[in-house]
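Colleague: Please take one part of this model and describe it closely, then follow it into whatever it packs against. State each cut-off once, where the term first comes up.

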Amino acid sequence: MSTLPVVAVVGRPNVGKSTLVNRIIGSRSAVVEELSGVTRDRREFDADWAGRDFILVDTGGWEVKPGGDLSTSIRHQAEGAVSAADAVVLVVDGTTEVTDDDTGVISILRSAGIPVIVAVNKIDNISQEWEIDRFWRLGLGEPNPVSAYHGRGVGDLLDQVLAVLPETPATDDAPEVPRVAIVGRPNTGKSTLLNRLAGEHRVIVSDRPGTTRDPIDVDVEIDGTEYRLVDTAGIRRKPQISEDADFYAVSRARQALKQADVAVLMVDATEGVTHQDQRIASEIIEAGTSLVVVLNKWDALDEEQRELTERSLPDRFNFVGWAPAIRMSALSGARVGRLGAALKAVIGTRNLRVGTGQLNREFREWTSSHPPPVRKGRRPKLHYAVQAGTAPPTFVIFVSGGELGEDYLRFLEGRLRSAHDFTGTPIHFVTRNRSER
């Protein structure tokens with residue numbers, strides 16, 4: 001687990017918290033839109049300034065009177081971030097008066113008893129700086145004029161943040177923990193599973209589809225092994241994405257998938273495997289990410305429904321039949337304990353390597369008993385094969401006399417999986433034409 005100091009960025013909705021976070025970390029990692037409530041869960045980022053590393057936490061907007069369960073959950077997430085922080089950056093809007101929501105945030109910060117740095121945002125030029133004197137009345141020390149959008153004053157703000165942070169203890173470089181992305185359609189139970197594994201209400205759970213927008217990283221220990229879990233937005237088809245924030249959330253979910261070692265594909269067992277589930281599974285294969293399928297809400301099915309789902313699974317997920325499938329209920333915790341063994345198994349096979357000599361002996365045996373089909377009057381000939389990489393296992397095949405079809409590559413993949421334990425990991429093939437002499 002990280003020993004770096006933690007800085008939480010808090011404030012009422014739409015004061016520019018995510019814009020400031022993006023400015024500090026140097027990328028558009030936090031979703032930004034000119035609407036309140038876009039940031040919902042608290043999200044952590046690695047940040048550094050003047051040679052010092054720290055964790056930066058982006059939070060949702062804090063409201064005195066939240067409208068509805070979702071706004072209440074956002075407020076609780078922001079308060080949770082404050083309780084775990086070593087310092088807080090309070091962002092206020094320099095172009096408006098102090099609101100009840102601002103004073104509500106301040107009351108929470110005063111009771112927390114941790115250092116607070118005030119960032120007066122949207123001060124785009126020096127002529128506006130004289131207007132920020134009113135923020136001295138907050139009683140939190142000197143207000144710092146910044147423009148998160150333009151970057152103005154952010155360096156001076158960070159200098160003040162570093163001045164109040166505790167020293168970081170020296171530690172040896174720890175090995176990188178496996179990244180596990182929890183993916184799937186909206187409202188399949190992804191956030192519920194992450195909260196169950198984390199042992200706390202770490203991300204917002206709502207019956208409203210699309211609640212999660214930013215990928216949320218949480219370090220957890222499962223069966224004695226550390227993992228970094230990434231809760232992602234529900235992946236939907238483009239015609240179903242109506243807001244810019246939703247579009248960027250889905251884009252970030254796909255990016256998190258590419259960066260993960262393992263994807264846990266959540267399927268709503270009450271609806272069965274849908275066409276969109278199949279599309280997401282195909283994206284996982286293309287990304288080269290290992291796969292564990294979770295049939296969630298299994299306890300909500302009666303015996304007849306379970307039997308129908310079991311019969312449909314090989315047909316609809318036949319192209320990922322190599323992936324472990326777990327039937328569970330993330331809400332009740334039933335069978336969640338089986339996930340640890342599945343994750344350990346697929347991570348182990350992800351880095352499996354087959355020796356070149358053994359690989360070519362096997363390929364000669366398979367191709368002699370089942371040669372490639374004739375295409376356009378010619379039969380392709382396999383000369384040589386080599387495993388070029390792992391994570392995912394990637395094999396280069398040198399061929400002459402035509403191209404190998406997808407059907408024959410699937411045949412070779414089946415033989416490879418029969419001969420070697422590639423449970424849970426996709427196999428990629430690259431063919432190279434070898435000129436005949």
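Modeller: Contact means heavy atoms within 4.5 Å. On that basis, 70% of the contacts in the chain between residues at least 6 apart in sequence join residues at least 24 apart. The model is predicted, with local features needing pLDDT of at least 70 and side-chain atom pairs counting only at pLDDT 80 or more, while totals for chains, interfaces and linings use all residues. Residues are numbered from 1 along each chain as its sequence is written, and side-chain values use heavy atoms, with hydrogens and water left out.

The chain's secondary structure amounts to 11 helices and 15 strands; these are DSSP runs numbered from the N terminus, helices being H or I of at least four residues and strands E of at least two. Of its 437 residues, 51% count as buried (under 20% relative accessible area, with exposed over 50% and partly exposed in between, for a 1.4 Å probe and protein chains only).

Just past the end of H1, Gly-26 has a positive phi of about 80°.

The strands first. E1 to E4 belong to an open sheet of 6 strands, ordered E2-E3-E1-E4-E5-E6, with mixed pairing (two strands pair if DSSP finds at least two bridges between them). Its edges are E2 and E6 (143-145), each of which pairs on one side only. From one strand to the next the twist averages 30°. At one end of that order, E2 and E3 are joined by 7 bridges in the antiparallel sense, and Trp-49 has Arg-52 in E3 as its bridge partner.

H1 lies across E1, E2, E3 and E4 and runs at about 160° to E3; axes are lines fitted to C-alpha atoms, for helices over the stretch in contact, and angles run from 0 to 180 degrees between N-to-C directions. H4 lies across E1, E2, E3, E4, E5 (116-121) and E6, at about 170° to E5.

Now the two helices against each other. The axes of H1 and H4 come within 11 Å and cross at roughly 85°. That angle makes H1 roughly perpendicular to H4 (under 35 degrees counts as roughly parallel, over 145 as roughly antiparallel, 65 to 115 as roughly perpendicular and the rest as oblique). From H1, Leu-20, Arg-23 and Ile-24 meet Val-154, Leu-157 and Leu-158 of H4. By class, the residues of this contact are 5 nonpolar, no polar and 1 charged; Ala, Val, Leu, Ile, Met, Phe, Trp, Tyr, Cys and Pro count as nonpolar, Asp, Glu, Lys and Arg as charged, and the others, Gly among them, as polar.

Lys-122 is not a glycine, yet its phi is positive, near 70°. With 29% relative accessibility, Lys-122 counts as partly exposed.

For comparison, a strand from elsewhere in the chain. All 6 of the 6 residues of E7 are buried, so E7 is largely enclosed by the rest of the structure. Arg-179, Ala-181 and Val-183 point one way, and Val-180, Ile-182 and Gly-184 the other. E7 pairs in the parallel sense with E9 (residues 225-231) over 4 bridges, and also with E10, over 5 bridges. In E9, Arg-228 is the bridge partner of Arg-179, while Val-264 in E10 stands opposite Ile-182.

Val-183 is also among the residues with the most contacts inside the largest nonpolar core, which has 25 residues (a core is a set of buried Ala, Val, Leu, Ile, Met, Phe, Trp, Tyr and Cys residues joined through side-chain atoms within 4.5 Å). E7, H6 (244-259), E10 (262-268), H7 (275-287) and E11 (290-296) each supply at least two of its residues. A second, separate core has 24 residues, including Val-180, Val-218, Ile-326 and Val-336.
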